Amino acid sequence: MPPAACLRCGNRAVIKRPKNHHKLCKECFLSAFEDEVHHTITSSKLFYPGEKVAIGASGGKDSTVLASVLKTLNERHNYGLDLVLLSIDEGIKGYRDDSLETVKRNAVQYDMPLKIVGYDELFGWTMDQVVETIGKKGNCTYCGVFRRQALDRGANLLNIKHVVTGHNADDIAETVLMNLLRGDLPRLSRSTSIVTGSASTGIQRSKPLKYAYEKEIVLYAHHKKLDYFSTECIYSPEAFRGTARTLIKSLEKVRPSAILDIVRSGEDMARLTPDKSQDACACDDGEGMGGCGSANGRTSGGELAEMEAALKSKHKPTELETEINSNGTSTDDGSIKLPLRGRRQQKGQRQRPTGPLQTLGACIKCGYMSSQQVCHACTLLETLNKNRPEVSI
Ligand SMILES: [Zn+2]
Ligand SMILES: [Zn+2]
């Protein structure tokens with residue numbers, strides 16, 4: 001069989017896009033990926049010129065790709081953004097300390113300032129100590145709650161009002177599915193928003209890679225030769241999320257568009273859920289309580305690990321990156337299939353918040369915004385401190 005031709009330029013294709021099975025050469029794949037992120041950014045009016053933006057950077061593939069793409073687009077399209085890397089040190093030996101070394105190299109490679117904030121300094125606990133005290137079960141909940149607050153506090157220290165994270169389409173689809181299975185429509189609806197915000201700090205979160213497939217992020221990182229850390233967190237993730245993840249990957253195998261279809265369905269359901277901002281609490285941006293976002297460097301277990309290993313070992317240029325389906329997919333001209341829907345999408349889309357997002361009270365213990373008297377992090381800390389072995393604080 002003759003080598004497949006790139007749908008865009010006619011050169012030899014080396015990549016079959018996981019998302020739509022388009023066959024592309026390396027250059028066309030990279031620019032298609034970047035163009036799509038650019039489209040997500042502009043159609044959602046994510047940034048304004050001169051804005052200072054912190055990239056939640058874990059050293060993992062998602063946030064590394066996010067940093068690289070944002071740097072590229074910022075220069076190419078003159079966004080005028082002031083980009084900073086913001087990393088959280090959860091205090092996990094053999095995992096986070098290694099991945100932070102990657103972030104430090106990224107800061108040099110991308111010429112971006114880097115700020116690291118630690119659970120230790122913010123909460124008086126490292127995750128290693130948390131796990132020592134409560135065991136591995138449920139530790140992800142603590143980590144998730146702490147991370148959200150840590151990112152906000154880190155941004156505050158930098159006087160930055162906008163944090164972007166590397167959540168990808170697979171992550172969103174996973175969360176949509178989990179909340180659907182739990183029957184939690186309000187949270188499902190929050191999880192689909194590209195922008196979420198928190199009240200008292202006024203710091204907004206957004207997900208520029210919301211429509212990017214995880215497999216394409218791996219391919220992008222590989223072909224751009226990005227320096228990232230690809231080991232999973234040593235502490236076990238929430239079991240239910242793992243199940244949702246496996247289900248999503250199985251669906252993707254028989255129907256590649258399933259991931260985006262679930263994201264879109266989530267967006268449609270969000271529009272049917274009234275008043276989604278009122279009960280949104282800062283400790284819950286819809287990701288679900290706990291669980292590592294992939295912004296935290298999580299790879300997705302077996303399949304992706306295999307994909308990465310295959311990419312690293314592959315030298316035969318005639319093979320497409322993913323398995324080839326011999327019936328030439330479509331008569332497409334290679335034009336970019338953008339994930340956004342037409343008018344309905346634009347109409348119902350959450351606009352960039354202009355004023356205070358909502359009015360919530362502040363935690364009486366730490367001052368962090370909360371709909372409760374005591375915020376979720378402080379409640380967890382109270383339990384931890386009660387069980388703290390012989391160390392006094
Ligand atoms: Zn091409
Ligand atoms: Zn608190």
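This dialogue walks through how to read several features of the structure above.

Student: What kind of model is this, and how are its residues and chains labelled?

Tutor: This is a predicted model, in which local features need pLDDT of at least 70 and side-chain atom pairs count only at pLDDT 80 or more, while totals for chains, interfaces and linings use all residues. Residues are numbered from 1 along each chain as its sequence is written, and chains are lettered from A and ligands numbered from 1 in the order in which they are written.

Student: How many helices and strands does the protein have?

Tutor: Helices (H or I, at least four residues) and strands (E, at least two) are DSSP runs, numbered from the N terminus. By that rule the protein has 14 helices and 10 strands.

Student: Which residues of H2 are buried, and what covers them?

Tutor: A residue is buried if 20 or more other C-beta atoms lie within 10 Å of its own, exposed if 12 or fewer, and partly exposed in between, with C-beta atoms placed from the backbone. In H2 the buried residues include Lys61, Val65, Leu66, Leu70 and Leu73. Among the elements that cover the buried residues of H2 are helix H1 (26-43), strand S3 (52-56), strand S4 (82-89) and helix H9 (214-223). Over the protein as a whole, 48% of the 393 residues count as buried.

Student: How do H2 and H9 pack against each other?

Tutor: Axes are lines fitted to C-alpha atoms, for helices over the stretch in contact, and angles run from 0 to 180 degrees between N-to-C directions. Angles under 35 degrees count as roughly parallel, over 145 as roughly antiparallel, 65 to 115 as roughly perpendicular and the rest as oblique. H2 and H9 pack at an angle of about 60 degrees with their axes 10 Å apart, and they are therefore oblique to each other. Two residues are in contact if their C-beta atoms, placed from the backbone, lie within 7 Å, and here the contact is made by Lys61, Asp62, Thr64 and Val65 of H2 with Ile217, Val218, Tyr220 and Ala221 of H9.

Student: Which residues of the largest nonpolar core touch the most other members?

Tutor: In soluble globular proteins, nonpolar side chains tend to be buried together. A nonpolar core is a set of buried Ala, Val, Leu, Ile, Met, Phe, Trp, Tyr and Cys residues joined through C-beta atoms within 7 Å. The largest one here has 88 residues, of which Ile55, Leu86, Ala169, Ala173, Val263 and Ala377 touch the most other members. Helix H6 (residues 139-157) supplies the largest share of this core, eight residues. Leaving aside neighbours within four places in sequence, Ile55 is in contact with residues including Ser63, Leu66, Ala67 and Leu70.
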